[in-house]
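This briefing covers one protein chain, shown below. The points that follow are grouped by topic.

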Amino acid sequence: MLRSLWPLRRCSYRVCKHAASQTRQLLTLAIETSCDDTSVAVLETAAPDLNSPTSPSARLHFHDKVTADNAKYHGIHPIVSLESHNERLAPLIAQALRSLPPASPKSNDFTSHPIPVRSANHWLRKQKPDFISVTRGPGLLPSLSTGLQIAKGLAVAWQVPLLGVNHMQAHALTPRLVHALGQPGTKRSNHEENREPAFPFLTLLVSGGHTMLVHSKALAHHSILASTTDLAIGDAIDKAARCILPEEMLNTAPDVMYGRLLEEFAAAAPRDGRGYDASYYKPPRTRGEELSRKPSRWGWALAAPLAETRSGSKSKAMEFSFSGLGSTVLRICRRPRGQKMTHEERVDLAREVMRVAFEHLASRVVMALNSLLQERNTDDKSTEGKIGTLVVSGGVASNGFLKHILRSFLDVRGYPHIRLIFPPPSLCTDNAAMIAWTGIEMYEAGYESNLGCKALRKWSIDPDADDGGILGASCWQKRERDFDTWKERK
């Protein structure tokens with residue numbers, strides 16, 4: 001039996017934190033089409049193995065992605081992205097179906113009846129997914145709607161539940177997916193899986209469309225501590241790259257991820273198995289050193305964002321701003337006709353842009369840690385609620401210089417104990433695997449979406465936001481326990 005959650009406007013901390021007292025093996029097919037990436041995944045959670053507590057608790061049967069070709073527009077074009085979804089999504093789903101696990105010969109009850117999947121010359125009996133996960137928002141509305149309508153069709157055809165996932169929540173939970181796929185688990189008496197990082201932790205979401213620092217308190221409770229007031233950091237880095245990189249490098253770029261090209265261009269030495277070489281970087285040990293301009297040998301200098309406002313109060317504001325940095329880079333790159341920047345100056349400017357942008361991120365992380373530390377009762381020696389982990393997720397999280405700056409910055413500013421978690425590069429950018437995992441965690445907590453749900457261009461993850469955050473969106477439904485465990489008893 002299903003009952004409506006609407007008009008629920010706030011996340012129940014107890015319900016979200018202690019999601020499901022019982023877990024079982026689950027299989028989901030997931031779709032991600034929030035922007036210009038078309039991605040499909042098939043993810044299965046493993047049944048608890050008490051004899052092998054270090055075995056993975058999830059298995060990715062299929063995961064693939066195709067990115068729309070927006071190269072000639074030097075950025076994301078909504079129509080091109082939509083056409084790419086229409087062209088690529090169905091073939092990806094067809095491939096994913098062939099990767100579903102084989103159906104059990106005994107699976108003949110109506111809830112787990114196998115589905116036929118056409119192979120080259122014959123039909124295969126495949127296990128039917130328990131539910132369909134799909135990105136519901138935030139993102140480009142036409143792109144989101146394409147994936148959501150396909151997901152609804154699959155849910156109706158197979159008579160399984162639908163779960164609309166918040167894209168930003170999925171980025172925040174990606175490290176928990178990584179842990180489930182390959183890192184050791186801990187055996188528990190109640191058979192629950194040990195998912196890491198455990199709540200609470202800080203999340204820095206950095207991409208081409210978002211920049212926010214979040215206090216992740218529970219599965220559906222993520223309080224926004226700081227967000228951008230203008231450009232997202234990924235957008236700002238991409239725009240700077242279009243000014244700094246040589247024209248021939250831009251013209252031969254395989255995609256519009258110019259921030260990645262800027263990182264490669266600025267690297268002091270090629271990457272190797274030992275890590276990222278950024279030995280020239282020296283982190284600021286004091287706030288004054290952080291905010292001071294650092295003149296270059298070329299005569300220009302980049303100011304730290306928000307450092308030089310009239311009153312100076314903005315330098316302590318819990319917000320991000322990158323528009324001023326972009327304007328300064330544009331002025332530096334403008335040269336009289338016939339004059340060009342040398343290769344060495346371009347490299348220096350690329351490094352300085354990333355240093356200033358990433359130190360701006362790091363400064364707000366330190367400010368948030370200082371604030372949270374002050375809020376805690378100094379006489380309370382318990383570890384409950386203590387922040388020990390910073391998750392960095394989103395497309396920009398794959399930048400090696402960002403990793404180096406954050407670690408160095410935290411070390412010299414009194415937080416060497418904070419653990420930094422960066423997902424693998426393939427899971428930093430938009431992908432369906434993170435949508436599948438978030439769908440599983442929400443499903444285990446008892447949530448589903450009804451078939452009338454619509455795509456959401458904007459959808460906050462903060463329960464104190466005007467829209468009520470993740471659980472504030474309409475069309476959530478809650479499963480009763482008896483129905484949820486019926487198939488297990490069968």
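**Helices α5 and α10**

In this predicted model, residues Ile233, Ile237, Ala240, Cys243 and Ile244 of α5 meet Arg346, Leu349, Ala350, Val353, Met354, Ala357, Phe358 and Leu361 of α10. Sorted by class, the contact of α5 with α10 has twelve nonpolar residues, no polar residues and one charged residue.

- Helix α5 covers residues 233-244 and helix α10 covers residues 343-375; their axes come within 10 Å and cross at roughly 170°.
- Because of that crossing angle, α5 is roughly antiparallel to α10.

**The chain overall**

- The chain contains 15 helices and 15 strands.
- Of the 490 residues in the chain, 52% are buried.
- Among contacts in the chain with a separation of 6 or more, 73% are between residues 24 or more positions apart.

- Helix α7 is mostly covered, with seven of its nine residues buried.
- Those buried residues are Tyr258, Gly259, Leu261, Leu262, Glu263, Phe265 and Ala266.
- Val256 sits in the loop between α6 and α7.
- Val256 counts as buried because its relative accessibility is 12%, and the cut-off for buried is under 20%.
- Leaving aside residues up to four places away in sequence, Val256 touches Asn70, Ala71, His74, Gly75 and Asp238.
- Val256 and Gly75 are 181 residues apart along the chain, yet their C-alpha atoms are separated by 5.8 Å.

**The largest pocket**

- The volume of the largest pocket is about 1500 Å³.
- The pocket is lined by 50 residues, and the closest to its centre are Cys35, Ser207, Gly208, Gly209 and His210.
- At least two lining residues come from each of β4 (58-67), α4 (167-182), β10 (211-218), β11 (221-227), α5, α7 (258-266) and α12 (425-428).
- Helix α5 gives the most to this lining, with five residues.
- By class, the lining of the largest pocket has 16 nonpolar, 21 polar and 13 charged residues.

**Cavities**

- There are four cavities of 30 Å³ or more.
- The second largest cavity has a volume of about 50 Å³.
- Lining the second largest cavity are Arg287, Glu290, Leu291, Ala304, Pro305, Val356, Glu359, His360, Ser363 and Arg364.
- Helices α8 (287-291) and α10 each supply at least two residues of the lining of the second largest cavity.
- The largest share of that lining, five residues, comes from α10.
- Four nonpolar, two polar and four charged residues make up the lining of the second largest cavity.

**Backbone exceptions**

- Most residues other than glycine have a negative phi, and most peptide bonds are trans.
- The peptide bond from Glu196 to Pro197 is cis, with omega near 0°.
- Phe199 and Pro200 are also joined by a cis peptide bond, with omega about 0°.
- Pro197 lies in the loop between α4 and β9 (201-206), and Pro200 is placed in the loop between α4 and β9 as well.
- Gln159 is not a glycine but has a positive phi of about 55°.
- Gln159 is found in the loop between α3 (141-158) and β8 (162-166).
- The relative accessible area of Gln159 is 65%, so Gln159 is exposed.
- Leu306, another residue other than glycine, has a positive phi near 70°.
- Leu306 is located in the loop between α8 and α9 (323-333).
- Leu306 counts as buried because its relative accessibility is 14%.

Notes: Residues numbered from 1 in each chain as written. Predicted model: local features only at pLDDT ≥ 70, side-chain atom pairs only at ≥ 80, totals over all residues. Heavy atoms only, no water. Axes fitted to C-alpha atoms, helices over the stretch in contact; angles between N-to-C directions. Helix = DSSP H or I, 4+ residues; strand = E, 2+ residues; numbered from the N terminus. Parallel < 35°, antiparallel > 145°, perpendicular 65-115°, else oblique. Contact = heavy atoms within 4.5 Å. Nonpolar A, V, L, I, M, F, W, Y, C, P; charged D, E, K, R; others polar. 1 Å grid on protein atoms, 1.4 Å probe; cavity = no way out; pocket = protein on both sides within 12 Å on 5 of 7 lines; lining within 4 Å. Points joined across faces, edges and corners; volume = space filled by probe spheres on them. Buried < 20%, exposed > 50% of the residue type's maximum accessible area, 1.4 Å probe, protein only.
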